[in-house]
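Trainee: I would like to go through some of the terms used for this model. Please set each value against its definition.

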Amino acid sequence: MKEEDYLEAILNVSAEKGYAKTRDVADELDLSPPSVVEMFAKLDHKKLVVYRKYEGVTLTDSGRAIAEQIKYRHDVLVEFLRLIAVPGEIAEKDACFMEHELNAVTIRKIKQFVEYVGSTKSAHAELKRFTEFCK
């Protein structure tokens with residue numbers, strides 16, 4: 001599990017609950033609490049989070065910037081994968097893998113493609129035909 005995954009999970013949990021505790025992040029990432037505590041300490045040392053034992057963790061400005069970038073990449077990839085008829089659960093898992101590996105230019109082009117399909121009737125119609133073809 002990469003540091004970025006933890007930062008994204010902290011962002012997600014904080015957005016939902018207003019805070020992020022060890023158990024919340026462990027549940028989000030399907031990990032044990034001791035593993036999460038170990039990473040919290042590393043992220044705190046790197047000044048990406050502020051970790052207070054028994055109180056949880058908050059993102060620093062630099063940690064939040066990284067987390068938001070990863071979340072953006074993840075969301076773009078899920079949207080694209082769903083657009084090409086990848087089932088939701090698979091799209092989520094694949095996006096988690098891809099979000100770390102793809103070049104920023106590739107992400108930007110995927111986002112542009114998704115926006116184009118959403119804003120162009122002919123592209124939307126063609127994509128609908130593709131979805132039917134995939135069935």
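Trainee: Which residue in E2 is the bridge partner of Val49?

Mentor: Leu59 is the bridge partner of Val49. Before we go on, this is a predicted model, where local features need pLDDT of at least 70 and side-chain atom pairs count only at pLDDT 80 or more, while totals for chains, interfaces and linings use all residues. Residues are numbered from 1 along each chain as its sequence is written, and side-chain values use heavy atoms, with hydrogens and water left out.

Trainee: What makes E1 and E2 a pair?

Mentor: Two strands (DSSP runs of E, at least two residues) pair if DSSP finds at least two bridges between them. Four bridges join E1, residues 49-52, to E2, residues 56-59, and the strands run antiparallel. In their hairpin, three residues lie between the strands, and Tyr54 there has a positive phi near 70 degrees.

Trainee: Why are H1 and H4 called roughly perpendicular?

Mentor: Their packing angle is about 90 degrees, with the axes 8 Å apart. Angles of 65 to 115 degrees count as roughly perpendicular, so H1 and H4 are given that name.

Trainee: Which residues of H1 are in contact with H4?

Mentor: Contact means heavy atoms within 4.5 Å. Glu4, Leu7, Glu8, Leu11 and Asn12 of H1 meet residues of H4, including Gly63, Ile66 and His74.

Trainee: How are the residues of this contact divided by class?

Mentor: Five are nonpolar, three polar and five charged. Asp, Glu, Lys and Arg count as charged; Ala, Val, Leu, Ile, Met, Phe, Trp, Tyr, Cys and Pro as nonpolar; the others, Gly among them, as polar.

Key
Axes fitted to C-alpha atoms, helices over the stretch in contact; angles between N-to-C directions. Parallel < 35°, antiparallel > 145°, perpendicular 65-115°, else oblique.
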